Amino acid sequence: MTDSGPRGTRGAEEAPWSTYQALTRACPRAWKLGLNLAFYRCFAVPSIARVLMSTGRITGEPLARAKATGAALFQVLEQGPDSETSLRVLDRLRRVHDGLPVDNDAYVYVLGLFCVHPLRFIAAYGPRRPTAAEEESAHAFYSLLAHRLGVEPVPATYGELADAQDAYEERFFRQTPEGLALWAASRQVFEERLPRPLSGLGPLLAEAFMGTAAPALGIPDRPRTRAVTGRLLRRYLSRT
C-alpha cells in the first residue's frame, strides 16, 4: 500500500485532521499570526502567567520562546501526530510540562487557545472564514494532541471547546505583575513576525488584536487604531 494522503496517513484513508492541515497551508500567514496571538492570551491567566514568568525564558528570550512553541506545532501538524518525529516531539513536550503547578483545566485551555483563536483570527482577517468541517478537523487534531499529552477530557466538539474557552477567560482573566511583564517582553516579537511593510507597527498591531485579553495585559482601548490596523492587515492577508 502506498502513501497518497498527508504524511501520517496511509492509502485512501484520510486523517480527521487533514482538512485542518490543508487550511493552514492555504492561509499560512493568517494562521501563524493567529497562533502567536493565541499563546499570548494565557498571560492574562494568573496561574499560567506565574509559571511562565518563573522559567525566565519568555522575558529573557521572547523570540526564541515564540519560535520554539510554533516549531513544535508546525512539525506535528505537517508530519501528522502519528509520525515517529511527532511522537518524539510530543514526548518531549509531555516531559517538559510534567510537574508544573498548573491544573488540567489550564492545560485544556492552552490547547484550546491553539485550536480556537487562530481560526477566529482567520475568520476576522484572513481571506475567508473557516468552514464547519475545518473547525471540527482542527478540534480532532488538538483532541488527539491532548490525549497524547495526557490532558483530558477535552470538550467533545469545536463549538463546545470555543464556548469553554470563553467561559474560562471570563472566569480567570485578571491583571497581574507577571502578566504585564510577559506581555511587555513579548509584544516586540511582532517586529520579527510581520512582513517588512508592517514590521515597524508590530507592537501596535499586536495590541490591537488581543481582544478581550487587552485589559488584563494593560493594553489601552484604542478602537480607531484597531479599526485602521484591522483594515490594513485584512487587505494584506487577503492577497497572500
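A pocket is an open set of grid points with protein on both sides within 12 Å along at least five of seven lines, and its lining residues have an atom within 4 Å of a point. The model examined here is predicted.

**Exercise 1. The second largest pocket**

Task: Determine which element gives the largest share of the lining of the second largest pocket.

Solution. 
1. Begin with the volume: the second largest pocket holds about 310 Å³ of space.
2. Its lining consists of 17 residues, and those nearest the centre are R41, H117, R120, F209 and G211.
3. Two or more lining residues come from each of the elements α2 (28–41), α7 (104–125) and α9 (158–172).
4. Helix α7 supplies the largest share, with five residues.
5. Sorted by class, the lining of this pocket contains eight nonpolar, four polar and five charged residues.

**Exercise 2. Helices α2 and α7**

Task: Classify the orientation of α2 and α7 from the angle between their axes, and list the residues that meet.

Solution. 
1. The axes of α2 and α7 cross at roughly 135° and come within 8 Å.
2. Angles over 145 degrees count as roughly antiparallel and 65 to 115 as roughly perpendicular, so α2 and α7 are oblique to each other.
3. The handedness of the α2 and α7 crossing is right-handed.
4. From α2, the residues in contact are A30, W31, L33, G34, L35, L37, A38, F39 and R41. Their partners in α7 are Y109, L113, F114, H117, P118, F121 and I122.
5. The contact of α2 with α7 comprises 13 nonpolar, two polar and one charged residues.

**Exercise 3. Helices α3 and α10**

Task: Describe how helix α3 and helix α10 pack, giving angle, distance and handedness.

Solution. 
1. Helix α3 spans residues 46–55 and helix α10 spans residues 177–186; their axes are 8 Å apart, at an angle of about 55°.
2. This angle makes α3 and α10 oblique to each other.
3. The crossing of α3 past α10 is left-handed.
4. On the α3 side the contact is made by A49, R50, L52 and M53, and on the α10 side by E178, G179, A181 and L182.
5. These contact residues comprise five nonpolar, one polar and two charged.

**Exercise 4. Helices α1 and α8**

Task: State the orientation of α1 relative to α8 and name the residues that form the contact.

Solution. 
1. The axes of helix α1 (residues 18–26) and α8 cross at roughly 110° and come within 7 Å.
2. At that angle, α1 is roughly perpendicular to α8.
3. Helix α1 contributes S18, T19, Y20 and L23, while α8 contributes A133, E134, S137, A138, F141 and Y142.
4. The class count for the contact of α1 with α8 is six nonpolar, three polar and one charged.

**Exercise 5. E135 and its surroundings**

Task: Locate E135 and identify the residues it touches, not counting residues up to four places away in sequence.

Solution. 
1. E135 belongs to helix α8, residues 132–149.
2. With residues up to four places away in sequence not counted, E135 touches L119, P130 and Y158.
3. E135 and G159 are 24 residues apart in sequence, yet their C-alpha atoms are 8.5 Å apart in space.

Technical notes: Residues numbered from 1 in each chain as written. Predicted model: local features only at pLDDT ≥ 70, side-chain atom pairs only at ≥ 80, totals over all residues. Heavy atoms only, no water. 1 Å grid on protein atoms, 1.4 Å probe; cavity = no way out; pocket = protein on both sides within 12 Å on 5 of 7 lines; lining within 4 Å. Points joined across faces, edges and corners; volume = space filled by probe spheres on them. Nonpolar A, V, L, I, M, F, W, Y, C, P; charged D, E, K, R; others polar. Axes fitted to C-alpha atoms, helices over the stretch in contact; angles between N-to-C directions. Parallel < 35°, antiparallel > 145°, perpendicular 65-115°, else oblique. Left-handed = near helix turned anticlockwise from the far one by under 90°. Contact = heavy atoms within 4.5 Å.
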